[in-house]
Amino acid sequence: MNSAHDLGGMHGFGPINPEPENEEPVFHTDWEKRVFGLALAAGFLGKWNIDMSRYARERQHPVDYLRHTYYENWLAGLEKLLVEAELVSPEELKTGKAAGPADESIQQRVLQAEEVAEVIAKGSPVAMTNSTLPRYNSGDSVRAVNRHPMGHTREPRYVRGRVGIIHEYHGTYVFPDRSAEGSKEGRPLYSVRFTSEALWGESASGRNAVYVDLWEDYLEPA
Amino acid sequence: MKVVENTPTVHNLVVCTLCSCYPWPVLGLPPVWYKSAPYRARAVADPRGVLEEFGTDLADDVEIRVWDSTSEMRYLVLPERPEGTEGWSEADLTELVTRNAMIGVEKAKRPMNIGRNR
């Protein structure tokens with residue numbers, strides 16, 4: 001969906017003002033740490049995948065997305081997912097009190113402290129067995145399709161309609177657009193090189209290029 | 001994960017314009033600025049301006065390659081080896097490599113930055 005999360009090329013946000021690397025804490029407040037832990041732990045209940053999590057954050061009102069800090073967006077997304085998966089009712093969210101115990105099937109999946117390091121290290125596999133041959137080879141000229149789906153997509157607005165060159169074929173990977181709907185389908189994934197001139201025209205700064213990972217569905221021959 | 005190498009003519013920079021994708025297993029959680037709207041908006045359109053904000057000046061003929069992490073593939077920058085480090089051990093060289101250098105917003109430190117003569 002065309003929302004506030006798709007930030008590439010936007011103007012007006014001002015300077016970055018980075019904190020010095022050796023002075024920046026991992027979390028700036030205790031609640032950030034708690035939201036981070038809560039979101040990861042809730043994810044392991046198996047009710048949603050990473051693309052559904054991203055889509056939940058993206059579906060906020062654009063004003064809210066931009067107004068929120070990073071972990072506020074995580075929390076907003078988590079609340080949406082918890083209610084949609086019927087793990088928490090809107091009433092429970094409002095009062096902060098559980099109306100009753102969770103289902104047995106959920107209780108059995110609750111992540112235990114001693115399992116955390118192992119499951120985090122393991123991650124969630126996204127590479128899939130090749131089912132179809134890739135349509136494009138390195139060096140092929142391709143255009144990012146000018147499409148504006150209402151659902152989740154990982155084709156940023158700033159590349160749509162632009163022509164680039166296939167830099168590398170990564171293999172077959174879970175296709176986010178379907179994954180956000182709960183369907184695990186593998187599609188060929190490529191790294192595509194776009195010159196800054198192709199993306200930004202006369203306002204391009206120097207002889208630069210942007211490499212974007214794009215699934216075959218996002219591409220057409222050019 | 002892909003490692004992209006800086007050379008005298010190419011400088012690499014990593015961003016995630018759509019969210020905050022970052023090589024957690026290697027670098028830990030990303031800093032606030034990496035997840036911020038100004039960085040995500042500008043890294044792809046004005047990388048030179050972004051680098052200047054981090055105090056990184058590149059010669060005009062250096063090509064900046066920006067890697068937008070739109071898939072689950074993660075990117076890590078291999079900084080250019082600073083001059084005057086010939087014969088240094090891996091442990092010595094490690095002292096010169098910062099997290100920011102591996103995102104690509106800075107170069108590796110130089111020997112003088114850690115109090116060593118060239």
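## A salt bridge within one helix

In this predicted model, the side chains of A:Arg54 and A:Asp51 come together in a salt bridge, with an N to O distance of 3.5 Å. Why are these two residues about one helical turn apart? They sit three residues apart in helix α2 (residues 50–58) of chain A, so about one helical turn separates them. Both A:Arg54 and A:Asp51 are buried.

## Other salt bridges

Over all chains, the whole structure holds 18 salt bridges. One of them joins the side chains of A:Arg157 and A:Asp6, at 3.3 Å from N to O. Is A:Asp6 buried or exposed? With a relative accessible area of 4%, A:Asp6 is buried. A:Arg157, at 34% relative accessibility, counts as partly exposed.

Another salt bridge is formed by A:Glu185 and A:Arg187, whose closest N and O atoms are 2.5 Å apart. A:Glu185 is partly exposed, with a relative accessible area of 25%.

## Chain A as a whole

Let us step back for a moment. Chain A contains nine helices and six strands. Its C-alpha trace spans about 60 × 45 × 35 Å along the principal axes. Of the 222 residues of chain A, 39% count as buried.

## A strand with two neighbours

Which strands does β2(A) pair with? One partner is strand β3 (residues 163–174) of chain A, paired in the antiparallel sense over three bridges. Within β3(A), A:Val163 is the bridge partner of A:Arg143. Strand β6 (residues 219–221) of chain A is also joined to β2(A) by three bridges, and these two strands run antiparallel. There, A:Val142 has A:Pro221 as its bridge partner.

## Aromatic rings

The count of aromatic pairs over all chains comes to 21. In one of them, the rings of A:Phe36 and A:Trp74 have centres 5.6 Å apart and planes at 35°, so the pair is tilted. It connects distant parts of the chain, 38 residues apart: A:Phe36 lies in helix α1 (residues 30–43) of chain A and A:Trp74 in helix α4 (residues 70–84) of chain A. Both A:Phe36 and A:Trp74 are buried.

A:Trp74 also pairs with A:Tyr71; their ring centres are 5.8 Å apart and their planes at 65°, so this pair is edge-to-face. A:Tyr71 is buried, as is A:Trp74. Together with A:Phe27, A:Phe36, A:Tyr70 and B:Trp24, these two residues form one aromatic cluster.

## Charges over rings and a surface patch

A:Arg59 lies over the face of A:Tyr55, at 4.7 Å from the ring centre. In chain B, B:Arg116 lies over the face of B:Trp88, at 3.9 Å from the ring centre.

Finally, B:Met1, B:Val3, B:Val26 and B:Leu78 make a nonpolar surface patch of about 360 Å². Of these residues, B:Val3 is found in strand β1 (residues 2–5) of chain B.

Key: Residues numbered from 1 in each chain as written. Chains lettered and ligands numbered in written order. Predicted model: local features only at pLDDT ≥ 70, side-chain atom pairs only at ≥ 80, totals over all residues. Heavy atoms only, no water. Pairing = 2+ DSSP bridges. Helix = DSSP H or I, 4+ residues; strand = E, 2+ residues; numbered from the N terminus. Phe/Tyr/Trp six-rings, centres within 6.5 Å; stacked < 30°, edge-to-face > 60°. Buried < 20%, exposed > 50% of the residue type's maximum accessible area, 1.4 Å probe, protein only. Lys NZ or Arg CZ within 6 Å of the ring centre and 35° of its normal. Patch = residues over 30% accessible without salt bridge, like charges linked within 9 Å, V, L, I, M, F, W, Y side chains within 5 Å. Areas by Shrake-Rupley, 256 points an atom, 1.4 Å probe, with all protein chains shown as cover. Salt bridge = Lys/Arg side-chain N within 4 Å of Asp/Glu carboxyl O.
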